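Welcome, and please open your viewer. We will walk through this model one selection at a time.

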Amino acid sequence: PPLDFVPEAVMNESDIGRGGALSFLSYHSPDFFTNETELSKAFDLFSDAAVFLDRSFDTQRDHSDAVFPLEYVSSIAGRAIADTNRHPAPHRFRALDAPKVFEVMRKKRGNDAKMLQLCKRLSFDGEKLPVGSIIGSSQNFVTNFLPFLRSIIPDEVDYSLSNLHSYARQENDVRSDQAEDLVQASYREQQKILENDDIVDDESLPDDTADEIIKRRD
């Protein structure tokens with residue numbers, strides 16, 4: 001029988017977005033199937049939709065195209081179950097809760113925020129961590145910076161890690177633009193220190209200037 005709704009419209013107008021709707025469909029669809037082959041075909045279509053969804057984040061793609069790839073996602077994912085589920089499960093009440101991946105992503109965002117706050121805390125003192133290193137992913141910070149920091153300033157890092165939750169809570173009371181202002185102020189202070197530093201390459205200066213610098217150092 002024909003559908004009494006437009007699958008593409010449901011996907012496009014979903015409050016959780018196309019990605020969330022795709023996750024929701026793939027998470028709950030097994031309860032509505034009785035045939036494994038049909039379910040496998042549905043997941044093949046979900047996989048195709050995920051490929052097009054990933055393509056939508058490609059900065060090199062033609063953004064003037066209003067159909068590709070997002071409308072492909074809506075059509076393929078929205079019609080996957082109707083197209084493949086020829087032997088549906090019997091009607092019964094089903095509790096449609098949020099997919100587990102939503103909780104995983106929520107915790108990931110929380111961990112990223114905590115790592116960013118830790119990085120900022122360790123960045124405020126110019127002798128600990130260059131402010132420029134806060135740029136990048138939390139994985140980069142944890143993998144490439146934190147182990148070395150624990151070797152250089154173990155007490156400070158251990159204290160910061162043990163108080164990570166309180167740091168995040170404190171930062172929740174500060175607007176993101178205020179936190180950015182603090183980082184920029186720290187960066188400007190470090191730049192001022194570098195500008196006032198009299199350590200220069202003596203060989204690049206005239207002899208009389210180099211002599212004056214040596215005398216000043218002595």
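A crossing of two helices is called left-handed if the near helix is turned anticlockwise from the far one by less than a right angle. Keep that in mind as you explore this predicted model.

Start by selecting helix 2 (residues 17-28) and helix 4, whose axes come within 11 Å and cross at roughly 20 degrees. Angles under 35 degrees count as roughly parallel, and helix 2 and helix 4 are therefore roughly parallel to each other. Helix 2 passes helix 4 in a left-handed crossing. To see the contact, show Arg-18, Leu-22 and Leu-25 of helix 2 against residues of helix 4, including Leu-70, Val-73 and Ile-81.

Select Leu-3, Phe-5, Gly-78, Ile-81 and Ala-82, the closest to its centre of the 20 residues that line it. Which helix gives the most to this lining? Helix 4 does, with 4 residues.

Last stop: the second largest pocket, with about 240 Å³ of space. Select Ser-29, Phe-32, Ile-81, Asn-85 and Arg-94, which lie nearest its centre among 13 lining residues. Here helix 2 provides the largest share of the lining, 3 residues.

Key
Residues numbered from 1 in each chain as written. Predicted model: local features only at pLDDT ≥ 70, side-chain atom pairs only at ≥ 80, totals over all residues. Heavy atoms only, no water. Axes fitted to C-alpha atoms, helices over the stretch in contact; angles between N-to-C directions. Helix = DSSP H or I, 4+ residues; strand = E, 2+ residues; numbered from the N terminus. Parallel < 35°, antiparallel > 145°, perpendicular 65-115°, else oblique. Contact = heavy atoms within 4.5 Å. 1 Å grid on protein atoms, 1.4 Å probe; cavity = no way out; pocket = protein on both sides within 12 Å on 5 of 7 lines; lining within 4 Å. Points joined across faces, edges and corners; volume = space filled by probe spheres on them.
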